[in-house]
Amino acid sequence: MLEVKGIETFYGETQALFGPSLKVGEAEVVALLGPNGAGKTTTIRSILGLSPARRGEIWFDGQEITHRPTHEIARMGISWVPDDRRVFPTLTVARNLQIGTRRTRFRPWRLAEVVEIFSALELLMGRECENLSGGELQMVAISRALLGSPGIVLLDEPSQGLAPRIVQDVLATVRRLRAEGIAVLMVEQNALAALEVADRVYVMDRGLTVHEGPAAELLADTALRQRLLGL
Ligand SMILES: Nc1ncnc2c1ncn2[C@@H]1O[C@H](COP(=O)(O)OP(=O)(O)OP(=O)(O)O)[C@@H](O)[C@H]1O
Ligand SMILES: [Mg+2]
């Protein structure tokens, strides 16, 4: 579904990525972990064409997307849940969701199906997004991603700032996406939670991938986890 091959990405003259590689298969959940500043968000930004890779290749759904504009990449079926949620604050929930709705070659999603997953959304439809709580905003951001009819969803720190119960809801949603045939690349500080839901894991450090393997293996191997993640 998605393949990142040795990308190098810069902010101005400062190099942030030094050639990380990763793959996400169809309906696979992959966790992308690592310390602050490792390059996780930059990897997502490169996939989306927001911070294009200067070297290396990115492939999605059988096509190279390395140098394509962001709007084209989105229309091909890559949805994004940014770390700061990034909704239109003065627009209502309904309008934000409408703006995010797209058809792709993947399974289309209707608003009613999304509301079935996030039942609390129904009462919030007329509310301006600037008046939502963190958990409510995250629901809107994930719902908007789904309405984009994605083949893959890129989630950047989906549980950041959320109460433990809501974190469980987010993880349940990730499982639901996989069950619906959608691939997920999930960046998470809450590494244990991410490893519980993920099929495979990559660990990044200083702009490189330093580990790749089954999530269950890293979850079970305390010594390796301590060395790679400090927990
Ligand atoms: N807009 C920017 N301009 C310049 N440098 C940046 C910019 N954004 C990120 N960087 C640098 O690129 C490197 C990778 O940052 P990135 O945000 O990708 O890390 P991250 O793994 O997502 O970290 P975190 O866990 O803190 O979100 C860091 O050294 C960071 O300082
Ligand atoms: Mg980040």
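This is a selection-by-selection tour of a predicted model, from the whole chain down to single residues.

Residues are numbered from 1 along each chain as its sequence is written, and chains are lettered from A and ligands numbered from 1 in the order in which they are written. Because the model is predicted, local features need pLDDT of at least 70 and side-chain atom pairs count only at pLDDT 80 or more, while totals for chains, interfaces and linings use all residues.

**Whole protein**

Start with everything shown as a cartoon. The protein has nine helices and 11 strands; these are DSSP runs numbered from the N terminus, with helices being H or I of at least four residues and strands E of at least two. Along the principal axes, the C-alpha atoms occupy a box of roughly 45 × 40 × 30 Å. The radius of gyration is 17 Å, which agrees with the value near 17 Å for a compact globule of 231 residues; it is taken over C-alpha atoms, and the globule rule is 2.2 Å times the number of residues to the power 0.38.

Of the 231 residues, 43% are buried. Buried means that 20 or more other C-beta atoms lie within 10 Å of the residue's own, exposed means 12 or fewer, and partly exposed is in between, with C-beta atoms placed from the backbone. Taking contacts between residues at least 6 apart in sequence, 70% join residues at least 24 apart; a contact is a pair whose C-beta atoms, placed from the backbone, lie within 7 Å.

**Ligand 1**

Select ligand 1, then Tyr11, Thr14, Ala16, Gly34, Asn36, Gly37, Ala38, Gly39, Lys40, Thr41 and Thr42, which surround it. A residue belongs here if its C-beta atom, placed from the backbone, lies within 6 Å of the molecule. Strand E2 (14-18) and helix H1 (40-47) each supply at least two residues of this shell, and H1 gives the most, with three. By type, the shell has three nonpolar, seven polar and one charged residue. In that count Ala, Val, Leu, Ile, Met, Phe, Trp, Tyr, Cys and Pro are nonpolar, Asp, Glu, Lys and Arg are charged, and the others, Gly among them, are polar.

**Helix H5**

Next, select residues 134-147, which make up helix H5. The 14 residues of H5 reach 20 Å from first C-alpha to last, close to the 20 Å expected at 1.5 Å a residue; the expected span is 1.5 Å times one less than the number of residues. How many of the residues of H5 are buried? The count is 12 of 14, so the helix is mostly covered, given the burial cut-off. Among the buried ones are Glu136, Met139, Ile142 and Arg144.

**Two residues with positive phi**

Most residues other than glycine have a negative phi. Move along to Ser149, in the loop between H5 and E8, where phi is near 50 degrees. Ser149 counts as buried because it has 21 C-beta neighbours inside 10 Å. Then go to Arg85, in the loop between E7 and H3. Its phi is near 65 degrees, again a positive value, and with 22 C-beta neighbours inside 10 Å Arg85 counts as buried.

Select residues 200-205 (E10) and 208-214 (E11), antiparallel strands joined by six bridges. Strands are taken as paired if DSSP finds at least two bridges between them. Tyr202 has Glu212 in E11 as its bridge partner. Two residues separate the strands of this hairpin, and Arg206 in the turn has a positive phi of about 45 degrees.

Ala194 lies in helix H7 (residues 191-197) and is buried, since it has 25 C-beta neighbours inside 10 Å. Outside four places in sequence, Ala194 is in contact with Ala31, Leu33, Met186 and Glu188.

Leu171, in helix H6, is also buried, with 21 C-beta neighbours inside 10 Å. Beyond four places in sequence, Leu171 touches Ala193 and Val197.

Finish at Leu229, in helix H9 (residues 222-229). Is Leu229 buried or partly exposed? With 17 C-beta neighbours inside 10 Å, Leu229 is partly exposed. Its contacts, apart from neighbours within four places in sequence, are Leu33, Ala191 and Val203.

Notes: Contact = placed C-beta atoms within 7 Å.
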